[in-house]
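Dear colleague,

Please find the structure below, together with its sequence. My notes on it follow.

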Amino acid sequence: MSVMSASVYKALLVTVVEELEKYLEEIDSILSTSKLDTFVTDTVFYIMQVIENMSMRFKDYDLSGLTDSLKNNKEFLDLMRL
């Protein structure tokens, strides 16, 4: 009976390990996506700041403060997520 118990234990252990590996893969993909989202959002804000600085030279196209406004806009940040 102990041989049967050992084989059942090994089968359960393999199943648990496989499930844990799946969870780890899922967590890794979530973290990678989060980093990508952050990178894309930061890049967009950087480009907007460059445009803002250039736009200050033209009175009709002054976009100063736009980046700060959008950084605090929850709806815009939600839309920026991939």
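The notes below concern an aromatic pair, the core around it and one serine.

This is a predicted model, in which local features need pLDDT of at least 70 and side-chain atom pairs count only at pLDDT 80 or more, while totals for chains, interfaces and linings use all residues. Residues are numbered from 1 along each chain as its sequence is written, and side-chain values use heavy atoms, with hydrogens and water left out.

The count is 1 aromatic pair. The ring centres of Phe-45 and Phe-76 are 5.9 Å apart and their planes stand at 45°, so the pair is tilted (rings of Phe, Tyr and Trp, the latter by its six-membered ring, pair if their centres lie within 6.5 Å; planes under 30 degrees apart are stacked, over 60 edge-to-face, the rest tilted). Phe-45 belongs to helix 1 (residues 2-55) and Phe-76 to helix 3 (residues 74-80), 31 residues apart; helices are DSSP runs of H or I, at least four residues, numbered from the N terminus. Lys-71 lies over the face of Phe-45, 5.7 Å from the ring centre (NZ of Lys or CZ of Arg within 6 Å of the centre and within 35 degrees of the ring normal).

Both Phe-45 and Phe-76 are buried (under 20% relative accessible area; exposed is over 50%, partly exposed in between; 1.4 Å probe, protein chains only). The largest nonpolar core has 5 residues: Phe-45, Met-48, Leu-70, Phe-76 and Met-80 (buried Ala, Val, Leu, Ile, Met, Phe, Trp, Tyr and Cys joined through side-chain atoms within 4.5 Å). Helix 1 and helix 3 each supply at least two residues of this core.

Ser-34, in helix 1, is partly exposed at 39% relative accessibility.

Kind regards
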